[in-house]
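Biologist: Can you take me through this structure? I would like to start with what kind of model it is.

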Amino acid sequence: MTPHPWNLPAWRALWKEPERLPHALLVHGPRGIGKLAFARALAMTLLCQAPRRAGPDVTACGTCPSCHWFNQGSHPDFKLIEPAEAGEDEAVAGEQGTPRKGARPIGIADIRTLGEFLALAAHQGGWRVVVVHPAETMNAAAANALLKTLEEPPARVLIILVAHQPRRLLATVLSRCRKLALPVPDWAQALDWLRQEAPDAPEALLREAGGAPLLALEFADSERRQRRDRFIAALAAGDAGTLSSLAQEYQARPEEAWGWLSRWLHDLMRVVHGAPRYFPEHASTLERLARCADAGALLALDEALRRDGRWLRHPLNGQLLLESWLLRYGDVARSGY
């Protein structure tokens with residue numbers, strides 16, 4: 001297991017002085033760039049019984065008993081803490097986003113299991129590694145419980161916090177971690193990787209994902225692309241009847257619709273001064289709407305989406321919020337026709 005190619009510079013810098021690894025590492029950056037894969041690769045390499053070194057690159061061997069346990073998800077010296085789901089059929093969101101509807105935050109009970117884990121001696125007599133992902137989903141009680149461990153860390157323990165939004169973490173937690181920022185990769189490098197993974201329209205996928213390759217790969221699902229095309233076509237048309245029906249059609253996936261509407265609004269405000277970022281194929285429609293739309297109304301709607309988007313995870317709020325936003329968008333869009 002190795003990090004994605006665009007994260008290798010950060011990986012190599014970390015391994016220049018492996019003896020100076022911190023007890024707590026905050027790996028942060030935008031969604032969809034491979035932060036969780038980076039953290040897991042670091043954990044696997046630290047726990048490997050025969051890590052390989054080739055020039056600046058250090059990797060787990062992949063064949064020793066430790067690597068086998070890790071790949072099977074049963075390594076006794078590794079612990080992954082993620083939000084638990086309310087239902088068995090709703091998988092935890094991965095690197096690409098926050099927990100899906102039905103998920104709960106990482107709570108104090110989850111962090112207490114960390115205490116139990118650290119109270120045991122290392123099975124292999126070496127490192128023990130904990131990954132908390134996404135760390136910003138810890139509630140206040142969980143974060144304070146983790147803080148106690150960070151203040152008095154056991155020897156040969158590495159706690160890796162993976163965060164999409166590190167500002168949401170307690171300042172006291174942040175102050176006790178070494179920060180490692182992983183950036184959005186170079187466009188050409190990301191596109192080259194995505195062409196191999198999703199050869200159908202990789203440019204459009206990468207644009208929609210804001211340059212984040214793993215997020216773009218998730219977007220490559222054919223059914224999702226069909227849903228996106230219908231939703232964007234309705235936004236471009238601005239028809240009141242069509243917009244009013246969207247909320248009901250997409251009530252099972254309000255966070256998807258929130259993402260598309262947010263990106264569309266971003267392009268609508270951006271196109272006044274430059275090219276659209278996410279939907280360049282709709283540039284002429286966006287330009288027409290932007291010329292006539294009320295800038296204040298656009299900003300207010302964009303702020304509402306940013307402020308209230310977190311409530312979409314509540315099962316009773318999704319359709320109501322989406323309907324409200326689409327009605328407001330309809331008022332803005334009709335002024336552009």
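Modeller: What follows goes through the model one region at a time.

Modeller: This is a predicted model, in which local features need pLDDT of at least 70, side-chain atom pairs count only at pLDDT 80 or more, and totals for chains, interfaces and linings use all residues. Residues are numbered from 1 along each chain as its sequence is written, and side-chain values use heavy atoms, with hydrogens and water left out.

Biologist: Where does His28 lie?

Modeller: His28 is in strand β1, residues 24-28. Helices (H or I, at least four residues) and strands (E, at least two) are DSSP runs, numbered from the N terminus.

Biologist: Is His28 buried or exposed?

Modeller: His28 counts as buried because its relative accessibility is 19%. Buried means under 20% relative accessible area, exposed means over 50%, and partly exposed is in between, with a 1.4 Å probe and protein chains only.

Biologist: And what is His28 in contact with?

Modeller: Leaving aside neighbours within four places in sequence, His28 is in contact with Lys35, Ala163, Pro166, Lys179, Leu180, Ala181 and Leu182. Contact means heavy atoms within 4.5 Å.

Biologist: Next, the core. Which residues of the largest nonpolar core touch the most other members?

Modeller: They are Phe38, Leu42, Leu46, Val129, Ile160 and Leu180, out of 47 residues in that core. Helix α2 (residues 35-47) gives the largest share of this core, nine residues. A nonpolar core is a set of buried Ala, Val, Leu, Ile, Met, Phe, Trp, Tyr and Cys residues joined through side-chain atoms within 4.5 Å.

Biologist: What does Leu46 touch?

Modeller: Not counting residues up to four places away in sequence, Leu46 touches Trp15, Leu21, Trp127, Val129 and Leu158. Another core, of 33 residues, lies apart from the largest one, and Ala257, Leu265, Ala304 and Leu326 are among its members.

Biologist: Change of topic: cysteines. How many disulfides are there?

Modeller: The count comes to zero disulfides, where a disulfide is a pair of cysteine sulfur atoms within 2.5 Å.

Biologist: Which side chain does His75 join in a polar contact?

Modeller: The side chain of Ser66, at 2.7 Å. The His75 side chain also reaches the backbone nitrogen of Asp77 at 3.0 Å. A polar contact is a pair of N or O atoms within 3.5 Å; within protein, one must be able to donate a hydrogen and the other to accept it, and residues adjacent in sequence count only if both atoms are side-chain atoms. Not counting residues up to four places away in sequence, His75 touches Leu47, Ser66, Trp69, Phe70 and Gln124.

Biologist: Now helices. Which residues are buried in α7?

Modeller: In α7, residues 187-197, the buried ones are Ala190, Leu191, Trp193 and Leu194. Seen down the axis of α7, the buried residues fall within an arc of 165 degrees, so they line one face of the helix. The arc is that of the directions from the helix axis to the C-beta atoms.

Biologist: What do those buried residues pack against?

Modeller: The buried residues of α7 pack against α8 (202-208) and α9 (213-219). At the N-terminal end of α7, Asp186 is the cap, with a side-chain oxygen 3.1 Å from the backbone nitrogen of Ala188.

Biologist: What comes between α7 and α8?

Modeller: A loop that holds Ala198. Ala198 is buried, with a relative accessible area of 7%. Not counting residues up to four places away in sequence, Ala198 touches Leu205, Leu217 and Ala220.

Biologist: Last one, α10. What caps its N-terminal end?

Modeller: Asp221 does, with a side-chain oxygen 3.3 Å from the backbone nitrogen of Glu223. After α10 comes Gly238, whose phi is positive, near 70 degrees.
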